[in-house]
Amino acid sequence: MVKTVRLEPIAQETVVETNGNLLSVLISKDLDVLRECGGRGMCATCHVYVRQGMEALTPINRREQRTLEIITSCQPNSRLACQARVLSNGVVVELPPGMYVNSIQDIEALIGRRAEQNLLHPVTGEVLVEEGKLITRSMLKQIEKSTSFNFRDFFSNSSDA
């Protein structure tokens, strides 16, 4: 059976099979979701806000909870789209604002321009460059020094349970 999911702020409704994850919904709408860990709930690049219908999703597992704890923009209604499975209708999802960057090279290409929107770290959600700010080479060096994150250490004691 299919369930309906509403996507904001694009105000579109789409369907997903019962027990399908929110990531498949986002991908089906061609939304730019990085999926760095391949949907294992370890990278936070598919972080979304559930505006409505949290009870219509599977509960948060331990790995997802650990990953959510590292996201600076995490809220009580945060979920990882790859881990949240749709059980019934009434889910309204919103992607966090800002543009996620894959690597420093993504920002390098923007040197000399003003950021059209906040540029966010793909793991922590930290704002790397604020909207409207000029992206400079010195800013890039500062970002390189301040955005290291060791996945292996953080998740060494994590499990899927």
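## Confidence

The structure is a predicted model. Its mean pLDDT over the chain is 82. A score of at least 70 is reached by 83% of the residues.

Strand 4, residues 78-80, has the highest mean, at 96. Helix 5, residues 151-155, has the lowest, at 49. Read helix 5 with that value in mind.

Strand 3 and strand 5 run antiparallel. Three bridges join them. Gln52 stands opposite Val92, which belongs to strand 5.

## Salt bridges

Side chains of opposite charge can pair when their charged atoms come close. In the whole structure, a search finds three salt bridges.

Arg6 is partly exposed, with a relative accessible area of 27%. Glu8 is also partly exposed, at 23%.

Another joins Arg51 and Glu94, with an N to O distance of 3.0 Å. Arg51 lies in strand 3, and Glu94 lies in strand 5, residues 91-94. The two are 43 residues apart in sequence, so their pairing ties together separate parts of the chain. Arg51 has a relative accessible area of 40% and is partly exposed. Glu94 counts as partly exposed too, at 22% relative accessibility.

Arg79 and Glu64 also form a salt bridge. Their closest N and O atoms are 2.7 Å apart. Arg79 sits in strand 4, while Glu64 sits in helix 2, residues 62-69. The pair links distant parts of the chain, 15 residues apart. Both Arg79 and Glu64 are buried.

## Positive phi angles

Most residues other than glycine have a negative phi. Two loop residues call for a look here.

Asn19 has a phi near 75 degrees, a positive value in a residue other than glycine. Asn19 is found in the loop between strand 2, residues 12-17, and helix 1, residues 22-28. Its relative accessible area is 40%, so Asn19 is partly exposed.

Ala44 has a phi near 70 degrees, again positive in a residue other than glycine. Ala44 lies in the loop between helix 1 and strand 3, residues 47-52. With a relative accessible area of 3%, Ala44 is buried. The cut-off for buried is under 20%, so the value of 3% places Ala44 in that class.

Technical notes
Residues numbered from 1 in each chain as written. Predicted model: local features only at pLDDT ≥ 70, side-chain atom pairs only at ≥ 80, totals over all residues. Heavy atoms only, no water. pLDDT = per-residue confidence, 0-100. Helix = DSSP H or I, 4+ residues; strand = E, 2+ residues; numbered from the N terminus. Buried < 20%, exposed > 50% of the residue type's maximum accessible area, 1.4 Å probe, protein only. Salt bridge = Lys/Arg side-chain N within 4 Å of Asp/Glu carboxyl O. Pairing = 2+ DSSP bridges.
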